[in-house]
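Visitor: Could you walk me through this one? I have a few quick questions.

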Amino acid sequence: MAEVVHMIDSEVFLAFSTYATIVILKMMLMAPLTAYFRLTRKAFANPEDAGMRKNEEEKKKMVRTDPDVERVRRCHQNDLENIIPFVVIGLLYALTGPDLHTALLHFRIFVGSRFIHTIAYVMVLPQPSRGLAWMAGMGATFSMAYRILTTALYL
Amino acid sequence: MAEVVHMIDSEVFLAFSTYATIVILKMMLMAPLTAYFRLTRKAFANPEDAGMRKNEEEKKKMVRTDPDVERVRRCHQNDLENIIPFVVIGLLYALTGPDLHTALLHFRIFVGSRFIHTIAYVMVLPQPSRGLAWMAGMGATFSMAYRILTTALYL
Amino acid sequence: MAEVVHMIDSEVFLAFSTYATIVILKMMLMAPLTAYFRLTRKAFANPEDAGMRKNEEEKKKMVRTDPDVERVRRCHQNDLENIIPFVVIGLLYALTGPDLHTALLHFRIFVGSRFIHTIAYVMVLPQPSRGLAWMAGMGATFSMAYRILTTALYL
C-alpha cells in the first residue's frame with residue numbers, strides 16, 4: 001500500500017466505484033421486489049401496512065408469512081451477507097494498487113455471480129445453480145482479501 | 001473523479017463522515033432497544049439469555065417471540081438494508097467532488113428520513129408515514145448513485 | 001481531518017485494513033458454518049436445497065427450522081449488526097489521524113471481542129460471556145465514533 005494516495009485516483013478505483021454502485025443498487029432493488037410480493041400475496045409484516053380502508057380484524061389476518069415473500073427476503077439477506085463484505089474488501093483491495101485487468105476480473109466475476117444468484121433464487125432454478133453462483137462470489141472476495149493480507153498485513 | 005485526492009480532505013468529506021457516523025450510531029442503538037424489549041417482555045432468543053437464577057424449564061418457556069420485540073428487530077433489519085447502502089454510496093459520492101450544498105441536502109434528507117422511519121416504526125404511526133420516510137431515504141441514495149455512475153463509469 | 005490524505009498511507013490505515021479484513025473474513029465463514037449445520041441437521045430453507053435425488057415430498061419435509069441452524073444464523077446476524085458499523089466507523093476513524101497505539105487498541109479489542117462472541121454463541125457458553133463480548137465490541141466502536149464526531153463534526 002505504499003502509493004495508496006495515487007491509487008485512489010486510478011482506473012482501478014473508478015472500476016471499483018462503478019461495480020460497487022451497480023451491485024449495491026441490485027441489492028436495494030430487493031426491497032421493492034419484496035414489497036411487490038407482499039402486496040400481490042397480501043402477506044404483510046405489520047398490521048398498519050395492510051391498507052387504510054380495512055378494519056382491524058381484516059388487517060390482522062393479512063399479517064402472515066408467504067413462501068414467495070420469504071424467498072425474496074432470504075435472497076435479500078444473502079445479498080447483505082455477501083455484497084457488504086465485497087464492498088469493504090473491494091475498497092481496501094483497490095487501495096493496494098492491483099493490476100487493472102486482475103481487478104476488473106474480480107469485480108466482474110463477483111457482480112455477475114450475484115445477478116445469477118438472484119435470478120436462480122427468485123425463479124427457483126434447480127441447484128447447484130444458486131450454490132455455484134454463491135461460491136463464485138465468495139471466491140472473488142476471498143481472493144481479494146488474500147491480496148490485502150499479503151500486501152498490507154500490520155497486526 | 002479527476003481530483004479525488006483533494007476531495008477526501010474537503011468539507012463534503014467531513015460532512016459525509018459526520019452524517020454517516022450519526023446514522024450508524026442510530027442503527028447501533030436498535031440493539032440496546034431490542035434488548036430492552038426482550039427483558040421487559042421476557043421474550044428471549046436463547047435459553048442462556050433468560051437469566052441465571054432460573055431452572056432449565058423456566059428458561060425454555062422464555063424462548064419465544066413477542067410482537068414488540070419482532071417490530072424493533074424488523075426496524076433494525078430495515079436500517080441494515082438502507083443505511084449500509086447509503087454509507088457505501090455516500091462515500092463514493094463524496095469522492096466524486098459534488099457541490100457542498102447538494103451533498104449536504106442528500107445527507108440531511110437521508111439521515112432525517114431514517115430517524116422519522118424509526119419513530120414511525122417503533123411507535124406504530126399510521127401509514128404512509130413510514131413508507132414515505134423509507135422512500136425519501138431510498139431516493140437520496142439513488143440520486144447519489146446516479147451521480148457516481150455518470151461521473152465515474154468504468155466498466 | 002486536516003491531513004487526511006497523508007493518513008490513508010499510514011500505519012494506522014494498514015492496521016485498519018488488516019483488522020477489518022480479518023473480521024470480515026470471520027463473518028463470511030458463518031455462511032459455510034450455517035451450510036454445515038443445515039446439511040448435518042437436514043434442515044433447509046428451500047426445497048431445491050434438500051438434495052437432487054429426493055422426490056418432492058421428501059424435499060418439503062426437509063424445509064424446516066432447527067435450533068442449531070437458527071443459533072448460527074443469529075450469530076451471523078449479530079455479526080452483520082456489529083461488524084459492518086465497526087468497518088464504517090473504523091475507516092473514518094483511521095482517516096482522523098489517531099495515535100497508532102490507541103488505534104491498534106481499538107481494533108484489537110473489537111476483533112478479539114467478536115471472536116469471543118462467536119465462540120460463546122455457537123458453543124452455548126453461559127452468560128454473561130456473550131453479553132460482555134458484545135459490549136466490548138460496541139464500546140470500541142462507540143469510542144471511535146466519539147473521536148470522529150469531536151474531530152470532524154460538520155453538520
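Visitor: How many residue pairs are in polar contact between chain B and chain C?

Guide: The count is eleven residue pairs, both at pLDDT 80 or more, where a polar contact is a pair of N or O atoms within 3.5 Å, one able to donate a hydrogen and the other to accept it, and residues adjacent in sequence count only if both atoms are side-chain atoms. This is a predicted model, in which local features need pLDDT of at least 70, side-chain atom pairs count only at pLDDT 80 or more, and totals for chains, interfaces and linings use all residues. Residues are numbered from 1 along each chain, chains are lettered from A in the order in which they are written, and side-chain values use heavy atoms, without hydrogens and water.

Visitor: And how many salt bridges across that interface?

Guide: The rule, a side-chain nitrogen of Lys or Arg within 4 Å of a carboxyl oxygen of Asp or Glu, finds three between chain B and chain C. One of them joins the side chains of B:D49 and C:R130, at 2.9 Å from N to O.

Visitor: Which helix of chain B gives the most to the side that touches chain C?

Guide: Helix 2 of chain B does, with 15 residues, helices being DSSP runs of H or I with at least four residues.

Methods: Helices (H or I, at least four residues) and strands (E, at least two) are DSSP runs, numbered from the N terminus.
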